[in-house]
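This report walks through one protein chain, from its overall make-up to a few individual residues. Please keep the sequence and the model in view while reading.

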Amino acid sequence: STLSVHTAHGCTALGVTPGASVDGSVFVSHSSDAEGEGDPRAFKVEAESHAAGAMRPVYDYTARTQSYAVSGDHNLTPIGHIPQVPHTYGYLKEGYGMMNEKQVSIGESTTSSRSPVDEVKPVSRGGRALLSAYTLIELGLERCSSARCACETMGTLAESYGYYQDAGTPSGEAFIVGDTSEVWVFHILPPLTAADEY
């Protein structure tokens with residue numbers, strides 16, 4: 001027999017429900033493997049109130065800069081906009097959003113799908129999709145005070161504006177989404193081909 005060693009090149013997310021923990025707590029974890037890239041320093045995105053009719057910018061984070069990882073100042077041009085909500089919650093993030101002020105937590109793990117890598121592209125690279133995993137997690141944390149709301153919000157927005165995966169990575173995503181009483185698995189896949197998009 002042979003022994004083969006495989007190096008993991010993807011993030012791992014884990015959720016523990018209240019019934020599975022000794023004291024009834026919820027746990028959500030995320031190893032941000034980032035294939036040796038990225039900046040693990042966390043920073044806080046402040047809560048904000050927004051005027052009626054405001055639009056939220058959406059970015060292609062594959063072009064993010066080092067300054068973004070530290071401060072959120074990405075110096076990027078938006079690839080599109082979606083309607084903003086009246087109030088957004090503050091949250092902690094590094095590459096991905098982690099937990100908001102209402103204790104909604106999201107962990108991310110890239111998964112495979114039948115859609116080929118880089119088949120479905122964002123509008124910034126000639127495609128029609130507007131939202132990446134990074135942006136969906138931000139939107140769930142900005143807009144929701146429960147895990148269930150975050151799953152519903154991310155799903156509705158992905159259906160409305162299109163979902164794409166970051167360049168060069170497998171095309172699916174599994175998010176572990178928890179709050180103080182529930183844990184959900186939110187699984188999202190892009191269309192099989194660009195012709196099937198939205």
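Of the 198 residues of the chain, 41% count as buried, where buried means under 20% relative accessible area, exposed over 50%, and partly exposed in between, with a 1.4 Å probe and protein chains only. The model is a predicted one, so that local features need pLDDT of at least 70 and side-chain atom pairs count only at pLDDT 80 or more, while totals for chains, interfaces and linings use all residues. Residues are numbered from 1 along each chain as its sequence is written, and side-chain values use heavy atoms, with hydrogens and water left out.

The chain holds three helices and 12 strands, these being DSSP runs numbered from the N terminus (H or I and at least four residues for helices, E and at least two for strands). Among the contacts in the chain with a separation of 6 or more, 72% come from residues 24 or more positions apart, a contact being heavy atoms within 4.5 Å.

**Helices α2 and α3**

All of α2 is buried: 11 of its 11 residues count as such, so the helix is largely enclosed by the rest of the structure. Helix α3 (residues 147–161) has 15 residues, which at 1.5 Å a residue should span 21 Å, and its end C-alpha atoms are 21 Å apart, in agreement; the expected span is 1.5 Å times one less than the number of residues. The buried residues of α3 are A147, A150, C151, T153, M154, G155, L157 and A158, and what covers them includes α2 (133–143) together with the strands β6 (80–83), β10 (105–111), β11 (172–178) and β12 (183–188). Just after α3, G162 takes a positive phi of about 90°.

Two packed helices are described by the angle between their axes and the distance between the axes. For α2 and α3 the angle is about 135° and the axes are 9 Å apart, the axes being lines fitted to C-alpha atoms, for helices over the stretch in contact, with angles that run from 0 to 180 degrees between N-to-C directions. The two helices are therefore oblique to each other, since angles under 35 degrees count as roughly parallel, over 145 as roughly antiparallel, 65 to 115 as roughly perpendicular and the rest as oblique. On the α2 side, L136, I137, L139, G140 and R143 meet C149, A150, T153, M154, L157 and A158 of α3.

**Cysteines**

The count comes to one disulfide, defined as a pair of cysteine sulfur atoms within 2.5 Å. It joins C144 to C149, with 2.2 Å from S to S, and the link is left-handed, with -60° about the S-S bond. C144 is buried at 0% relative accessibility, whereas C149 is partly exposed at 24%. C151 is in no disulfide, and the nearest cysteine sulfur, that of C144, is 8.8 Å away; C151 is itself buried, with a relative accessible area of 13%. C11 is also buried, at 12%.

**Residues in strands and loops**

M55 and A174 each lie in a strand, M55 in β5 (residues 55–58) and A174 in β11. M55 is 30 residues from V85 in sequence, and their C-alpha atoms are 8.4 Å apart in space; not counting residues up to four places away in sequence, M55 touches H81, I82, P83 and Q84. The C-alpha atoms of A174 and E108 are separated by 6.0 Å, although the two are 66 residues apart along the chain. With the same exclusion of residues up to four places away, A174 touches G107, E108, S109, T111, F186 and H187.

Most residues other than glycine have a negative phi. Q103, which is not a glycine, has a positive phi of about 70° and is found in the loop between β9 (97–100) and β10. D118, likewise not a glycine, has a positive phi of about 65° and has its place in the loop between β10 and α2.

| Residue | Relative accessible area | Class |
|---|---|---|
| M55 | 45% | partly exposed |
| A174 | 15% | buried |
| Q103 | 45% | partly exposed |
| D118 | 32% | partly exposed |
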